[in-house]
Amino acid sequence: MATIEECRTALDKLSDNLAGAEGDVRSAAALDRSLSCRITDLDITFVGRLKDGRIEVLDTLQGPPREKAEIRLTMKGDDLVSMVNGDLNFAKAWGSGRVKLEAGLRDLFRLRTLL
């Protein structure tokens, strides 16, 4: 089972990947939205913002998020680490229910480029 530190490192790596992206991926990541990433097996939630093509983690909370973020991810820690390392395909994990992504319809259309 991935640790809190491994999950935080994975989010930082994802942020770096988004910041270094080009073209459609870069424009999709250029949203300014509140973001939460719930790690179910650790019972924690990383909360922050997707802003200027980067993920800014502002806090780590015990349990579910206290407020509903505009973009919400839910998964196990191992799945987060595997996705960021390229060992787990996001689209397949999302389609099978291993990863949940919730956002407004307009944001989902923009984010589909990242999938």
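**A walk from one loop into the core**

Let's start with Asp 43, which sits in the loop between β1 and β2. Those labels follow DSSP runs, numbered from the N terminus: helices are H or I runs of at least four residues, and strands are E runs of at least two. Before we go on, this is a predicted model, where local features need pLDDT of at least 70, side-chain atom pairs count only at pLDDT 80 or more, and totals for chains, interfaces and linings use all residues. Residues are numbered from 1 along each chain as its sequence is written, and side-chain values use heavy atoms, with hydrogens and water left out.

Asp 43 has a positive phi of about 55 degrees even though it is not a glycine. Why is that worth a look? Most residues other than glycine have a negative phi. Asp 43 is partly exposed, with a relative accessible area of 32%; here buried means under 20% relative accessible area, exposed over 50%, and partly exposed in between (1.4 Å probe, protein chains only). Now hop to Asp 52, in the loop between β2 and β3 (54–62). Asp 52 also isn't a glycine, yet has a positive phi of about 55 degrees. At 58% relative accessibility, Asp 52 counts as exposed.

Next, follow the strands themselves. β1 (residues 33–39) has 6 of its 7 residues buried, so this strand is largely enclosed by the rest of the structure. Who are its neighbours? Strands count as paired if DSSP finds at least two bridges between them. β1 runs antiparallel to β2 (residues 44–51), joined by 7 bridges, and the hairpin of these two has 4 residues between the strands. In that pairing, Arg 38 has Thr 45 of β2 as its bridge partner. With β4 (residues 71–75), β1 runs parallel, through 5 bridges. There, Ile 39 stands opposite Met 75.

Leaving out residues up to four places away in sequence, Ile 39 touches Cys 7, Ile 44, Phe 46, Met 75, Lys 76, Gly 77 and Leu 80, where contact means heavy atoms within 4.5 Å. Ile 39 is also among the residues with the most contacts inside the largest nonpolar core, which has 28 residues. Such a core is a set of buried Ala, Val, Leu, Ile, Met, Phe, Trp, Tyr and Cys residues joined through side-chain atoms within 4.5 Å. Elements giving two or more residues to this core include β1, β2, β4 and α3 (77–84). Its largest share, 4 residues, comes from α1.
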